[in-house]
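Subject: The three-chain model, handed over

Hi,

Here is the structure I promised to pass on. Have a look at it first, then read my notes below.

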Amino acid sequence: MPTLSRPLRYAALAGWFALLAVTPFIADNYTVRVAITVAMYSALALSWNFIGGFAGYPSFSTAAFFGLGCYVGALSQRHGVPLVLAWLLATLFVTAFAAALGTIILRLKGHYFAIGSIAIVEVVRLVISSWGSLTGGGDGLNVPLLSGGPDRVASTVLYVMLGIMLLAFIATLLVDRSRLGFGLRCINQNEDAADMVGIDTTRYKILGYALSALFCGTVGAVYASWVGYIDPTDSFSILLTVKVPVMVLLGGAGTVFGPIVGAGLFVLLEEFFWANFLEWNRAILGGIIVFLIFFLPSGILKLDYRRLFRRKSPADRVEAA
Amino acid sequence: MDLLQILVNGIVLGALYACIAVGFSLVWGVLNVINMLHGSFIILGGYLTFFAWFHLGVDPILALPAVALLLYALGYALQYLFINKVVTSPVLTTLTLTFGLDMILYNLMTVYFTATPRRVTLDMGSADILGVVMPMDRVLGMGLAFFLTGLLYLVMRGSTIGRAIVAVRMDRQAAALMGIRVNNIYAITFGIGALMAGAAGAVFAMVFPVTTNLTGTFLGKAFVICVIGGLGSVPGALVGGIALGVIESFAGFLIGPQHAITLGFVLMLVLLVVKPTGLIGVKGYE
Amino acid sequence: MTEILRLENVSKAFGGIRAVNDVSFTLSEGEIVGLIGPNGAGKTTLVNLITGVHKLTGGKVIFAGQDVSRQKPFQAARRGLARTFQIVQPFPAMTVLENVAAGSLFGGGHAAMGAALDAARQELDFVGLGPVADTPAALLSLPNRKRLELAKSLAMKPKVLLLDEVNAGLNAAEIDGALDLIRKIAARGITIVIIEHLMKVVLSVSQRILVLHHGELIAQGDPTAVVNDPRVIEAYLGAKFAARFGTAASTSQGATSHV
């Protein structure tokens with residue numbers, strides 16, 4: 001993979017996409033479920049990449065956006081909003097929520113931002129679970145089922161998730177080539193200097209944060225329709241909020257293809273370990289994370305084989321400082 | 001319920017909270033690492049104390065120092081072998097690494113200890129002073145929590161190691177130039193953080209049932225307390241812990257326990273934005 | 001000459017300390033002005049006030065006829081008020097070209113992506129960094145990093161360029177190179193403020209000198225007049241030494257020989 005040229009990377013991505021899309025025709029339900037999970041996490045990872053990869057802000061609020069998407073989608077459907085409109089409503093609500101939140105929380109940097117973004121997941125989860133009259137509290141909420149039999153539902157969800165993943169990828173491409181992407185990279189490298197060359201850092205960071213929430217909202221709403229039942233613990237899981245950044249790190253933060261590579265690889269590994277080492281699943285994932293931090297610090301796509309044979313280069317030291 | 005009773009409940013809880021948070025605050029303040037293992041360290045301390053008492057018949061007060069030392073060794077080793085290698089990396093890296101290590105430790109605990117809630121029952125009866133009723137085991141817990149926190153304060157102020165830790169916190173490079181072995185101090189600091197977590201877990205197990213399901217809750221409390229009290233000071237953790245205990249106690253009475261926990265996090269978010277140094281943020285760990 | 005930048009009674013206090021106190025001066029288009037003063041005189045604070053990094057506690061900054069006292073740094077950059085830093089501030093993992101392109105992309109020119117890269121190449125050739133355009137900025141030597149800062153600022157199409165100690169840490173030959181570059185920049189019609197504590201560097205290129213001491217503007221005017229000003233000599237050498245120096249200081253050698 002690291003040696004693939006850019007056209008080849010696009011071809012590989014198209015092949016991967018096609019493979020996921022044909023699973024309903026060639027494989028069993030379990031495989032389709034895995035394909036949905038891959039598409040879903042790819043979209044989440046691509047989203048996180050806007051704030052965490054491009055801008056370098058260690059955001060751990062993915063689960064808040066995802067969970068809110070679940071609940072807004074579910075609740076609006078329960079109040080009679082048609083399916084697709086409910087998904088759009090969830091998207092809009094979560095994006096607006098992130099933009100509003102961003103004006104406050106993006107003033108924080110580094111560790112404080114990380115803690116603040118985790119705390120948001122907790123606060124939203126606690127508010128949802130204690131607002132029983134609206135959300136069903138800790139008992140959770142039933143979501144109207146999609147029409148059709150289980151196979152039909154699975155393939156519908158798969159194509160919707162793949163659609164979101166594709167949109168997220170296109171958004172990534174556009175941002176990567178635009179002033180926004182360039183500006184976010186500058187903020188990542190040196191925020192003060194970015195300010196000094198004329199980048200409206202506050203606005204750019206809020207845009208990045210809102211973008212990182214947008215697709216999470218859609219994914220959450222679609223997920224809720226898929227599983228048919230949501231509760232606060234499942235929707236606002238701390239594991240999800242850390243897993244998504246790990247996927248991006250695995251593939252290569254701030255790259256266009258990295259989040260998709262990382263999400264695909266991580267989900268497949270996770271499924272493999274679930275199936276074979278159920279009891280030790282969590283420890284193995286933890287082991288992968290530890291391995292990743294030490295041996296693939298800038299992700300698979302940036303893997304440089306020469307580096308395995310020499311000491312750290314000066315550029316690495318600068319990154320670490 | 002009597003207001004005085006609520007206040008006393010809050011202070012007892014707050015003392016335990018302070019004890020929970022102080023190690024987390026130390027590690028964050030000195031190493032600049034958000035230690036996601038902290039919750040599991042606490043539970044591990046609680047479990048080990050329980051098993052020493054239940055299976056080996058060891059008095060929990062005697063088990064506490066042994067458990068604390070075990071946790072110290074574990075913390076020292078983890079820092080020395082893993083975290084030290086990336087300690088200067090951005091927060092995303094260090095936080096993710098400790099999270100990965102936590103997944104391993106958590107898994108080990110659920111497999112070997114299971115998630116069943118366990119508690120050391122001391123049967124010490126209750127005290128009734130001026131109408132305030134307090135089970136004696138809680139009074140003991142509070143006393144131990146204050147004792148441990150105070151002990152850490154004295155170690156930080158008075159001992160060579162403590163002064164070296166403060167020096168590294170203030171200026172890593174200068175400390176290295178003064179002949180302090182920074183990596184060793186980091187490992188010791190992380191070890192002390194784990195030690196305090198283990199001791200706090202031991203105390204907790206004497207008062208409340210502990211289970212692996214609580215790791216996230218404890219970690220969350222540590223976040224909130226650190227932000228309320230300010231990073232990097234024992235008095236900060238103490239003030240933050242007692243403040244949170246009292247707030248939760250009163251809020252639990254007024255608006256229900258569930259909302260009380262939410263209130264703690266909201267308070268933390270507000271403080272993060274308004275006053276990120278905490279209520280009594282100070283330089284240097286003392 | 002038309003006025004481009006005017007400071008009216010600008011003050012800044014950090015707590016009880018008056019870092020900059022009641023400073024007023026005017027810059028004309030195309031001027032090269034030296035801002036000198038001993039260490040801690042408030043030079044960098046003044047630059048920070050002009051570019052919006054610090055909020056003014058009093059006074060006004062007027063840029064091209066517009067009151068910009070409350071601007072943010074990015075607004076200053078877009079208006080054409082560029083600066084370099086005493087400690088260079090590159091985007092370390094980006095290439096030299098990308099660093100400069102950031103200036104043309106977001107600064108006063110606000111160019112489109114392709115145009116920004118072209119403009120960046122031109123500025124790199126101008127400062128002599130053309131050959132290292134694709135090197136990561138972190139790998140540059142100190143003199144080259146200083147040049148990079150200059151190129152980045154120039155790419156922002158500034159009207160006024162504030163150079164904060166661009167020569168610090170350079171040796172004599174490198175300083176001469178930097179001064180040549182400054183003259184070339186001035187020839188493009190950009191107003192330049194050179195901030196220095198080394199007098200010699202400033203005197204050779206500046207048409208006018210401003211002297212800051214303890215946050216106050218104690219002298220301004222043409223270079224020879226300023227170095228002979230007794231208050232300036234006192235600020236630099238201390239009262240006792242200045243008194244002993246007496247009339248000897250009235251030859252311009254006196255003020256420059258200590259550097």
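A word on contacts before anything else: two residues are in contact if their C-beta atoms, placed from the backbone, lie within 7 Å. With that in hand, 39 residues of chain B are in contact with 34 residues of chain A. Keep in mind throughout that this is a predicted model.

**Where chain B meets chain A**

Which elements of chain B build the side that touches chain A? Helices α4 (91–113), α9 (215–229) and α11 (257–274) of chain B each put in at least two residues. The largest share comes from α4(B), with 16 residues. Sorted by class, that side of chain B has 25 nonpolar, twelve polar and two charged residues. Two pairs of chains are in contact, and chains A and B are the pair sharing the most contacts.

**Where chain C meets chain A**

This contact takes 19 residues from chain A and 20 residues from chain C. On the chain C side, the elements giving two or more residues are α2 (73–79) and α3 (96–106). The classes there come to 14 nonpolar, three polar and three charged residues.

And chains B and C? No contact joins them, and their closest C-alpha atoms lie 15 Å apart.

**Chain B on its own**

Chain B has eleven helices and two strands. Reading from the N terminus, the order is α-α-α-α-β-β-α-α-α-α-α-α-α. Its radius of gyration is 18 Å, close to the 19 Å that the globule rule gives for 286 residues, so chain B is as compact as a globular protein of that length. The C-alpha trace of chain B spans about 60 × 45 × 35 Å along its principal axes. Of the 286 residues in chain B, 55% are buried. If you take the contacts in chain B between residues at least 6 apart in sequence, 78% of them join residues at least 24 apart.

**Chain C on its own**

Chain C has eleven helices and ten strands. A compact globule of 259 residues would have a radius of gyration near 18 Å, and the 19 Å of chain C agrees with that. Along the principal axes, the C-alpha trace of chain C spans about 60 × 40 × 35 Å. Buried residues account for 47% of the 259 residues in chain C. For contacts in chain C between residues at least 6 apart in sequence, the share joining residues at least 24 apart is 65%.

Chain C also splits into domains: domain 1 (3–80 + 158–257) and domain 2 (90–157). Their C-alpha centres lie 25 Å apart. Between them, 13 residues of domain 1 of chain C are in contact with twelve residues of domain 2 of chain C. On the domain 1 side, α2 and α6 (172–187) of chain C each supply at least two residues, and α6(C) gives the most, with four residues. That side of domain 1 divides into eight nonpolar, two polar and three charged residues.

One helix of chain C to look up is α1 (residues 43–50). Is α1(C) mostly covered or mostly open? Mostly covered: seven of its eight residues are buried, namely C:Lys43, C:Thr44, C:Leu46, C:Val47, C:Asn48, C:Leu49 and C:Ile50. After α1(C) comes C:Gly52, with a positive phi near 85°.

**The nonpolar core**

The largest nonpolar core has 294 residues. Those with the most contacts inside this core are A:Ala39, A:Ala43, A:Met161, B:Cys19 and B:Val203. Helix α8 (residues 182–207) of chain B gives the most to the core, with 18 residues. Domain 1 and domain 2 of chain C both give residues to the core, so it lies between them.

**What the record says about chain A**

An unreviewed UniProt entry places the feature "transmembrane region" at several spans of chain A, including residues 7–26 and 113–133. In the model, residues 7–26 of chain A are 100% helix and 0% strand, with end C-alpha atoms 28 Å apart. Residues 113–133 of chain A are 95% helix and 0% strand, and the end C-alpha atoms of that span lie 32 Å apart.

Cheers

Conventions. Residues are numbered from 1 along each chain as its sequence is written. Chains are lettered from A and ligands numbered from 1 in the order in which they are written. This is a predicted model: local features need pLDDT of at least 70, side-chain atom pairs count only at pLDDT 80 or more; totals for chains, interfaces and linings use all residues. Ala, Val, Leu, Ile, Met, Phe, Trp, Tyr, Cys and Pro count as nonpolar, Asp, Glu, Lys and Arg as charged, and the others, Gly among them, as polar. A residue is buried if 20 or more other C-beta atoms lie within 10 Å of its own, exposed if 12 or fewer, and partly exposed in between; C-beta atoms are placed from the backbone. Domain bounds come from an automatic or database domain assignment. The radius of gyration is taken over C-alpha atoms; the globule rule is 2.2 Å times the number of residues to the power 0.38. A nonpolar core is a set of buried Ala, Val, Leu, Ile, Met, Phe, Trp, Tyr and Cys residues joined through C-beta atoms within 7 Å. UniProt positions are given in the numbering used here, feature names are shortened, and annotations may be inferred rather than shown by experiment.
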